Amino acid sequence: MQATTGSRSPWGDSRTAGEVIAWGDNSHGQAAVPTEAKSGVQTIAAGFHHSLALKEDGSVIAWGDNSDEQAAVPTEAKSGVQTIATGFYHSLALKEDGSVIAWGDNSHKQATVPTEAKSGVQTIAAGSRHSLALKEDGSVIAWGDNSHGQAAVPTEAKSGVQTIATTFHHSLALKEDGSVIAWGDNSHGQAAVPTEAKSGVQTIAAGSRHSLALKEDGSVIAWGDNSHGQAAVPTEAKSGVQTIATGSYHSLALKEDGSVIAWGDNSDKQAAVPTEAKSGVQTIAAGDAHSLALKGAMVPAPVVSRAWCVQQDAGGKWLVRVEGTGTAGATVQTKMVDGSWQDCGKVSADGEFCCTLRDYPADGITVRQILDESASPESAKTPIGVGAVLGNVTPRQGSVGVEYTFSQARADNWIAVYKQGQTPGTVGARPLVSRRVGIVSGTTALEDESLVAGDYTVYALPSEGGAGQFAVLAKKDFAIQSCTDLLYPVGGNKQAVGVGGTFRGLKVLVNRMGVQDELQSVKPLRMSVENLFPSRLEGGSDVPSAPRAGVGGEKVTFTIDKAQNEGLSFAGQRSVTVTTNAAGIADTSTVSKLLAGRKPGPYTVTASSECGRNTAPFTLTVSPVRLTAVPPITQTSGTNGQFAPLKVLASSVTGSGSDAVTKGVPDTDVTFAVNRQGGPSFAGRQQVTVTTNDAGTADTSTVARLLAGHAAGTYTVTATVPGAEKTLSFTLVVKEVAVLAKTSGDHQSIPVSGSSQPLIAHTADKGGNALQGSAVTFTVTDDGGTGTTFTDGECSVDAYADAYGNASSPVLKTGHTPGLVTIVAVAGNAELIFYTLSVTSSV
């Protein structure tokens, strides 16, 4: 006879300290709530003819029948208590330290707490003359009357239990998997658990001869004695229930809206729920023929004044802003799609709140507020209003282009331009130009002769109407400038690359003249390319000084002449638009690579801006490429060694006869590919692409080392360029290292904390020919306790043979102890060689 745990209260895991109300049998004063229980109560329990309340300070108070001292609270229960339970004529309390205390009737040892219940207990329950405790390890223990087996805990209840309940002569346990188990008296089927209670249960309650279970879907099921209708679950209890309780012959359920419903025996009005218990109730308890409810202090529902889409996240999902009023200091929560509640923000001292939501129900926003752990009723659902974001705004005299996105496609979505300082809906404010844009997103151009140089604001609006008829969804300030931009090439306006190569980024400086500058410059310059950029620019390196600092945020478009398009492209595109940086520089490389095609020839790319007084031309030459190998063309190395880098020169020839000029072609991609696997590789890759430097040379070492591999044989590496006159081939021969011989470094004598001379080993093939690039591994196999290692503290290092086949190790560093050191050298299939060093205590 106690309130059960495990409920799904809308207040979450905490309960508000509140007031106890009672109804039903009061023959022993059990329903006469004392003053101390009318505030500050944390939880409640109801016995046969007595009642208990746990105060928020951890003290227990009791009232009603005290014939067996069940209402005489002991000193230990006047502080530090975390929960309570009541039997017929005895009472239990669980202390914060996990120990159980008991008082009242002890005729069957039900109040004699066993040692196991004096620590590690997480919850308790009390029957007529027996007691239960649930340990923190999920096991149930019992003591007291066992006349019906109610204290004989079955094996299934000795692990994995999450809560317990008991009353007259039977006991219940709820397992962690949501199944109910029962033991003890089954004379009325009260311990015969039905199939529905074997899964998906969240809490339980036990009456004298009947049992209840609350399912995870909020429905109540019952079994056992139904002589008074106590097991006949009414329709209201088949959904939306958060917790349950049972008396001897009546049952209670607490709904999620805080109202109590009751059914079964009503002979003492124990099932006649009073008005006070029809709202704001947090938990319930039932005695033999009386009922208790703990009512929290009511907090009024907050009011949502507006909810609307404000912006999109990176994934395109709209964020919703919620504004409204509530109780100062309260925490506002919003209802999620799954019915759970999420903190949204605090109510300010002025009684206002606002928050932004990423997750929310599509049909509207519902909120509540929590104050002093007490939850208010839900607010009315507020529909989510349309929202908008504005993207790029492209202004010029007479027109402005606007990118926009609305959260909903509506016929009354509008884009409007106002003079800066005017606000839509205010007296006298009228748009200079506006347009209805019913679709969700797009770009619109607003044109009007009134859009001259000046400051403006573009608005996204849910209506075109006048004052007070709409709210601003989004806005963006912009300025229309007088067209006084001047464009200057940066770093020269001429480049040349080979077929299939990549040009360096084209750069221009955007400069804006003042009015006086313009007046002084118009006549001599006439704003023509020829006058702005005189003949000294033809070399591609000299650039005239700009009269003023660059202008950031300007858009510059670089366009390839259409007739010449097939010779080059911006990664497949004919033009790109680049925004100038803070220094006023627009650089195409920040947006796209400028690629040379397969057709040689001169090409023109023109840079322009919407407000430019001139254009800036670039002359780009795509040259046919001739590849020339840079020796060595044939190399030999031992297995697992390495080769010298491969190098080619990419060049082009201009002119003919005595006027012919050969020049290296920079920024051209050369592909080096090994003809078959198992042998040489570029650090594990069969192919690498190398870009030629300013001199036109492509060097594989700038990308990766050329390793010999483990399989002996002759291999070919080809070097190719799209459109080149021919393909180059390099021959790489990999031989097994058959000979490994000591050249120098053996039998050295080194002082402690000293350094050796390098160890040198000679490598050769089985014909005795020296092998350049062969790999030799030197390993300290026995340091003789001297602590000797190579320079970097390594015990094993690799070295590669020079042109004479000699591999030289790093120097060895000795430790602080004399002794003999042995080093082994390994290469290919050659026999091992050993070096011996002597570490001495003095020079």
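## How the model is read

Because the model is predicted, local features need pLDDT of at least 70 and side-chain atom pairs count only at pLDDT 80 or more, whereas totals for chains, interfaces and linings use all residues. Residues are numbered from 1 along each chain as its sequence is written, and side-chain values use heavy atoms, with hydrogens and water left out.

## The disulfide and other cysteines

How many disulfides does a search of the whole structure find? The search finds 1, where a disulfide is defined as a pair of cysteine sulfur atoms within 2.5 Å. The bond joins Cys-344 to Cys-355, with a distance of 1.4 Å from S to S. Cys-344 lies in strand E25 (residues 341-346) and Cys-355 in strand E26 (residues 352-357), so the pair ties together parts that are 11 residues apart in sequence. Strands (E, at least two residues) are DSSP runs, numbered from the N terminus.

## A sheet of three strands

An open sheet is built from 3 strands in the order E17-E18-E19, with antiparallel pairing, and two strands are said to pair if DSSP finds at least two bridges between them. Strand E17 (241-246) and strand E19 (260-264) stand at the edges with a single partner strand each, so one side of each is left without a neighbour in the sheet. From one strand to the next, the twist averages 20°, an angle taken between N-to-C directions on a scale from 0 to 180 degrees, using axes that are lines fitted to C-alpha atoms.

Strand E17 and strand E18 (residues 250-255) run antiparallel and are joined by 5 bridges. Thr-246 stands opposite Ser-251, which is in E18.

## A nonpolar patch

On the surface, Val-826, Leu-832 and Phe-834 form a nonpolar patch that has about 250 Å² of accessible area together. Patches are made of residues with over 30% relative accessible area and no salt bridge, and nonpolar side chains (Val, Leu, Ile, Met, Phe, Trp, Tyr) are joined within 5 Å, like charges within 9 Å. Here a salt bridge is a side-chain nitrogen of Lys or Arg within 4 Å of a carboxyl oxygen of Asp or Glu, and accessible areas come from the Shrake-Rupley method with a 1.4 Å probe, for which, in the case of residues, only the protein chains shown count as cover. Phe-834 is placed in strand E68 (residues 833-840) and counts as partly exposed, at 42% relative accessibility.

How values were computed
Helices (H or I, at least four residues) and strands (E, at least two) are DSSP runs, numbered from the N terminus. Buried means under 20% relative accessible area, exposed over 50%, partly exposed in between (1.4 Å probe, protein chains only).
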